Amino acid sequence: GMADAIVPLPMPSLQGAIYLKAVMTKARPKLIFIDGCHDYKCVYEDIIEWYGVLAPGGSLFGDDFSTDNAVKDACAFLNTTYTLRKRGRYWFTSKKM
């Protein structure tokens, strides 16, 4: 199975990023899916914090891009720092090696 590769964190998204930063010593996630709240501040903070947790070469993505204006607005602003791409209702970015 995938139990050794997939680690769900049943907590608010931002708390999950802070928790992982505190407990990770060597391994960093290579793929992170954010399904957080949908206001501008939450989306913005989620992307900033989870990008910091992401392994070099890893990918970060989330949904509701095409259906939620706060998600669109935060992604548009963050696209000045990160290269955020979109496909349908999903947004994604990759961290350089």
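In this predicted model, four strands are arranged as an open sheet whose order is S1-S2-S4-S3, and the pairing within the sheet is mixed. At the edges lie strand S1 (31-34) and strand S3 (85-87), each of which pairs on one side only. From one strand to the next, the twist averages 25°. In general, the strands of a sheet pair through backbone hydrogen bonds, and they may do so in a parallel or an antiparallel way. An antiparallel case is provided by strand S2 (residues 59-62) and strand S4 (residues 90-94), which are joined by four bridges; here Phe 61 stands opposite Phe 92 in S4. Helix H2 (residues 40-53) packs on the sheet, where it touches S1, S2 and S4, and the direction of this helix makes about 165° with that of S1.

Nonpolar side chains tend to be buried together in soluble globular proteins. The largest nonpolar core of the model has 20 residues, and those with the most contacts inside this core are Ile 32, Ile 47, Trp 50, Val 53, Leu 60, Cys 75 and Trp 91. Two or more residues are given to this core by each of helix H1 (13-23), S1, H2 and helix H3 (69-78), with H2 giving the most, namely five residues.

Trp 91, one of the core residues with the most contacts, can also be described through its surroundings. When its neighbours within four places in sequence are left aside, Trp 91 is in contact with a set of residues that includes Ile 34, Ile 47, Leu 60, Phe 61, Val 71, Cys 75 and Leu 84, as well as Asp 63, Arg 85 and Lys 86.

Conventions:
Residues numbered from 1 in each chain as written. Predicted model: local features only at pLDDT ≥ 70, side-chain atom pairs only at ≥ 80, totals over all residues. Heavy atoms only, no water. Pairing = 2+ DSSP bridges. Axes fitted to C-alpha atoms, helices over the stretch in contact; angles between N-to-C directions. Contact = heavy atoms within 4.5 Å. Core = buried A, V, L, I, M, F, W, Y, C linked by side-chain atoms within 4.5 Å. Buried < 20%, exposed > 50% of the residue type's maximum accessible area, 1.4 Å probe, protein only.
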